[in-house]
Amino acid sequence: MSEAENPDRLRQGRETTVEDVRQLMGASTPHFALQLRQRIRKLIRDLPPDHPARIEGEAEISRLGRLAFAGEVRGHPPEEGLDPLPSLIEGRQERLGTA
């Protein structure tokens, strides 16, 4: 993944839409979160604060920041009475800086 942008999104006079932001959000994983965050930031930077695409983009920028540094949790939460695997707890605490 790079920070190269779809040329159609860069076309002069084309308004950024919520769908543009959502298209970038669709590929979000911890590995690419920082690159996607930067692409969304560039995409919405000239929009007014109350523009729907900017509102959506700012929320996604925040989520991507958390995703990049804390990772993602897969599967279901631990079942009552069963402790989660220690390796999962330790890894999550280290990524969140709470260890």
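Which helices do the buried residues of helix 1 pack against? Keep that in mind as you open the model, which is a predicted one.

**Stop 1: helix 1**

Select residues 18–25, which make up helix 1. Colour Asp 20, Val 21 and Leu 24: these are the buried residues of the helix. Now look down the helix axis. The buried residues fall within an arc of 95°, so they line one face of helix 1. Next, show what they touch. They pack against helix 2 (33–44) and helix 3.

**Stop 2: helix 1 against helix 3**

Show side chains at the contact. From helix 1, pick Val 18, Val 21, Arg 22 and Met 25. From helix 3, pick Pro 52, Ala 53, Glu 56, Gly 57, Glu 60 and Arg 63. By class, the contact residues divide into five nonpolar, one polar and four charged.

**Stop 3**

Arg 22 lies in helix 1 and Glu 56 in helix 3, so the pair ties together parts that are 34 residues apart in sequence. Check accessibility on each side. Arg 22 is partly exposed at 43%, and Glu 56 is partly exposed at 23%.

**Stop 4: the other end of Asp 20**

Go back to Asp 20. What forms a salt bridge with Asp 20? Select Arg 14: the closest N and O atoms of this pair are 2.9 Å apart. Asp 20 is buried, with a relative accessible area of 3%. Arg 14 is partly exposed, at 25%.

**Stop 5: along helix 3**

Select Arg 54 and Glu 58. Both lie in helix 3, four residues apart, about one turn of the helix. An α-helix has 3.6 residues a turn, so residues three or four places apart point the same way. Glu 58 and Arg 54 form a salt bridge, the closest N and O atoms being 2.8 Å apart. Glu 58 is partly exposed, at 40% relative accessibility. The structure holds four salt bridges.

**Stop 6: Leu 67**

Move on to Leu 67, also in helix 3. Leu 67 counts as buried, at 9% relative accessibility. Leu 67 and Ala 33 are 34 residues apart in sequence, and their C-alpha atoms are 6.6 Å apart in space.

Note on methods:
Residues are numbered from 1 along each chain as its sequence is written. This is a predicted model: local features need pLDDT of at least 70, side-chain atom pairs count only at pLDDT 80 or more; totals for chains, interfaces and linings use all residues. Side-chain values use heavy atoms; hydrogens and water are left out. Axes are lines fitted to C-alpha atoms, for helices over the stretch in contact, and angles run from 0 to 180 degrees between N-to-C directions. Helices (H or I, at least four residues) and strands (E, at least two) are DSSP runs, numbered from the N terminus. Contact means heavy atoms within 4.5 Å. Ala, Val, Leu, Ile, Met, Phe, Trp, Tyr, Cys and Pro count as nonpolar, Asp, Glu, Lys and Arg as charged, and the others, Gly among them, as polar. Buried means under 20% relative accessible area, exposed over 50%, partly exposed in between (1.4 Å probe, protein chains only). The arc is that of the directions from the helix axis to the C-beta atoms. A salt bridge is a side-chain nitrogen of Lys or Arg within 4 Å of a carboxyl oxygen of Asp or Glu.
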